[in-house]
Amino acid sequence: MKHHYFFVLFLLSITWLACAQKSEQKETPESPKIEQKADLHEGMDIPEDNRISLDLLPKQKRHQLQNMRSHLVAVQTIVELIAKNDFDLASKVAHSQLGSTTEMKLMCASFGNKDFEDLGLNFHASADHLSEVLKTKDPKKSLEALSVTMNYCINCHANYRQ
Ligand code: HEC
């Protein structure tokens, strides 16, 4: 009788162990994060990137992106300075960071694409104008001029890629 009791207890503990293992396996998450990322674009209609490629070398690419990131910083700085009524500094930033400096002109010409170069030069000329308008300390006119300059950012990004 005593032997039977131990045998039943032994069977019960084996069953319990097997169940515990099974339920542990079930709780393992089935979809790791990486799959969720891929799923996000499923069924989405993302158009092809048909922009003109500038066929840049790796070093040119890094230089261009570095330059672009500083353009973004310049735009943010100008907006902040307009809000703070510091038009003189805003004008200087527009001229030195976005205007037609020798460095910018050389940069635009270095990509070997005439249409891109012209667009770039017109963009820098718009920043020269922005720099002049900022000197008038008129917030409305300044924002209008900044908007014109930013339309060049949009236009170029819509048409060209690295
Ligand atoms: C004459 C063309 C041109 C103009 C004007 C231009 N960009 Fe760009 N920009 C590019 C190209 C080309 C790229 C690379 C895009 C790609 O390959 O997808 C780029 C990329 C960028 C990037 C991405 C940087 C990174 O590190 O990935 C930022 C930010 C950017 N531009 C900001 C600006 C801002 C802000 C302006 C205007 C104040 C501006 N750009 C004006 C051509 C231009």
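This is a predicted model: local features need pLDDT of at least 70, side-chain atom pairs count only at pLDDT 80 or more; totals for chains, interfaces and linings use all residues.
Ala-158 is exposed, because 9 other C-beta atoms lie within 10 Å and a residue with 12 or fewer counts as exposed. Ala-158 belongs to helix H7.

The chain comprises 7 helices and 2 strands. Read from the N terminus, the order of the elements is α-α-β-α-α-α-α-α-β. Of the 162 residues in the chain, 12% are buried. Among contacts in the chain with a separation of 6 or more, 67% join residues 24 or more positions apart.

Helix H7 also takes part in a helix pair with H6. Two packed helices are described by the angle between their axes and the distance between the axes. For H6 and H7, the axes come within 9 Å and cross at roughly 165°. Angles over 145 degrees count as roughly antiparallel, and H6 and H7 are therefore roughly antiparallel to each other. Their crossing is left-handed. On the H6 side the contact is made by Leu-119, Asn-122, Phe-123, Ser-126, Ala-127, His-129, Leu-130, Val-133 and Leu-134. On the H7 side the contributing residues are Lys-141, Ser-142, Ala-145, Leu-146, Val-148, Thr-149, Tyr-152, Asn-155 and Cys-156. Sorted by class, the contact of H6 with H7 contains 11 nonpolar, 6 polar and 1 charged residues.

The surroundings of the ligand draw on several elements. There are 18 residues around the ligand, of which Met-68, Cys-153, Cys-156, Arg-161 and Gln-162 come nearest. Cys-156 is also one of the H7 residues in the contact with H6. At least two residues of the shell are supplied by each of helix H3 (58–83), helix H6 (114–135), helix H7 (139–159) and strand E2 (160–161). H3 gives the most, with 6 residues. By class, the shell around the ligand consists of 12 nonpolar, 4 polar and 2 charged residues.

Phe-87 is located in helix H4, which covers residues 87–98. Phe-87 counts as partly exposed because it has 19 C-beta neighbours inside 10 Å, whereas 20 or more would be required for a buried residue. Leaving aside residues up to four places away in sequence, Phe-87 touches Leu-134, Lys-135 and Lys-137. Leu-134 is also one of the H6 residues in the contact with H7. Phe-87 and Lys-137 are 50 residues apart in sequence, and their C-alpha atoms are 5.6 Å apart in space.

Backbone geometry was examined at two loop positions. Most residues other than glycine have a negative phi. Asp-55, although not a glycine, has a positive phi of about 50°. Asp-55 is placed in the loop between strand E1 (52–53) and H3, and with 10 other C-beta atoms within 10 Å it is exposed. Asn-85, likewise a residue other than glycine, has a positive phi near 65°. Asn-85 is found in the loop between H3 and H4. Asn-85 is exposed, because 10 other C-beta atoms lie within 10 Å.

Terms used: Residues are numbered from 1 along each chain as its sequence is written. A residue is near a molecule or strand if its C-beta atom, placed from the backbone, lies within 6 Å of it. Helices (H or I, at least four residues) and strands (E, at least two) are DSSP runs, numbered from the N terminus. Ala, Val, Leu, Ile, Met, Phe, Trp, Tyr, Cys and Pro count as nonpolar, Asp, Glu, Lys and Arg as charged, and the others, Gly among them, as polar. Axes are lines fitted to C-alpha atoms, for helices over the stretch in contact, and angles run from 0 to 180 degrees between N-to-C directions. Angles under 35 degrees count as roughly parallel, over 145 as roughly antiparallel, 65 to 115 as roughly perpendicular and the rest as oblique. A crossing is left-handed if the near helix is turned anticlockwise from the far one by less than a right angle, and right-handed if clockwise. Two residues are in contact if their C-beta atoms, placed from the backbone, lie within 7 Å.
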